[in-house]
Amino acid sequence: LCLCLCLSVAVSVSVSGSGSGSGSGSGSGPGELLVREVTAGVSEALRDPSGSAADEALRIAFGSGSRANTGYAGGSVSAIREVLLSGNFREQWAMAYVLQKNHIADELFDRCAADETLARALGLNISTMRSRALELAQTNAHVPPESRYSNGIADWLFPSFASWVRFDFDSPMHTHTHTQPFAHTHTSSPNASGGWLGCRHLRDTGCLGVQLRSDNPSIRPPLSLRELAYQCGGQPSCKLAWQPGASCYTVRETPIGTLASYATRARRYGYVMVAGVSGTTANTLQLALLLGADESELVFLRLAMVAWLVLSRDHSVWEVLLAAETFMPPGLRIGEGEDEPALCILGRLLPPSLSWQGHTLHSAEAWRAILNALESTEAWRRLGQNRRGYFNCLASAAKPSSCCVPDRAGALAAKPELDVEIL
């Protein structure tokens, strides 16, 4: 929600043309004036229904979603305002998803890269912004346009060269044909110089959809009145048009040169595969980093991405954590636990304690709350004694790494539906 508000306000300032810092003779510096304008923009965008510039900014930032987007409640200004202020978890993350995919953020960051006074006033991470601006400049200067989505950094939120997300998509070394970033279909194949085929493949039948009706009791939280109106058009119930990743993609066996493929690695360690490594997670964390998120916020965001994308059936836990790997501090990276059973990655979701804005979250308390919710479920009974013991250990205030021992841990069941039930 904070990310959505920050960018919508920044876009509002840009659309209204008031971000130049030109003042009214008050003697304030341009940075202070811009902060004042941004503050006024919050009020205008969220509380003044007559603000036409703010309305246009909200439409540009959040109005391009569709019924296929899980949780999206429509592109009307009134719906957008309500969701940003009081929408449920699913609705707010739908707005974050739409914001990433419409590339409005690129226009904002282009402007900030050319005007660091503006960037500082908006609280952006100047170092991260400069680094990404350099990568974009190098891509534009040295990579042919048709190859920028395979062998370059194509936009401000694009996965880095160190990201596992890049293995989702085709990447020949020299030639590539692409029509749009992260397109559903790819026409290229690796050439003689190397590269790989993407492991994520759109189903031959296209997206199957979520195969649920709007009143299905497995949907948590239940659809809001806004979601119901947008999905069902006034009917009390309807088949949902949501198209999560699990309904659209399969994971192929695609070696990385002479190295083992994503699918081979997942099967070896017992991880659940749904739709390949999560590009949405990498995009969200890159956006957060540019907006000035600190280490604790990135850890919290990764946890939020697990809750969002696993429950929506877009990705598995492993696919989210793998996408977030390059953003995490030492001790919370799943790659540090070589040859650990798959279940043990859950112990890396949180440090023993995490503080943010005066609040402290203790991981043992969080796991106790999770256990309270799990213990009465059929999924919990199906886990088996050893795996239940691992969760109990996490809830006992023990160091998570001490819980991951052979007699307590085991691989997650290789069924995505069980992965969804537990998380």
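A nonpolar core is a set of buried Ala, Val, Leu, Ile, Met, Phe, Trp, Tyr and Cys residues joined through side-chain atoms within 4.5 Å. Buried means under 20% relative accessible area with a 1.4 Å probe, counting protein chains only.

This is a predicted model: local features need pLDDT of at least 70, side-chain atom pairs count only at pLDDT 80 or more, and totals for chains, interfaces and linings use all residues. Numbering runs from 1 along each chain as its sequence is written, and side-chain values use heavy atoms, with hydrogens and water left out.

**Whole chain.** Show everything. Of the 423 residues, 50% count as buried. Expect 20 helices and six strands, taken as DSSP runs numbered from the N terminus (helices H or I, at least four residues; strands E, at least two).

**Main core.** Select Trp318, Leu321, Leu346, Tyr390 and Phe391. These have the most contacts inside the largest nonpolar core, which has 54 residues. Now colour the elements that give two or more residues to this core, among them α5 (89-101), α14 (295-311) and α15 (317-324). The most comes from α14, with nine residues.

**Leu321.** Centre on this side chain. Leaving aside neighbours within four places in sequence, Leu321 is in contact (heavy atoms within 4.5 Å) with Arg302, Val306, Ile334, Ile345 and Leu349.

**Second core.** Move to Phe109, Leu124, Leu287 and Leu291. They are included in a second, separate core of 18 residues.

**Helix α18.** Finish on residues 385-394. Buried here are Tyr390, Phe391, Cys393 and Leu394. Look down the axis of α18: its buried residues fall within an arc of 160°, so they line one face of the helix. The arc is that of the directions from the helix axis to the C-beta atoms.
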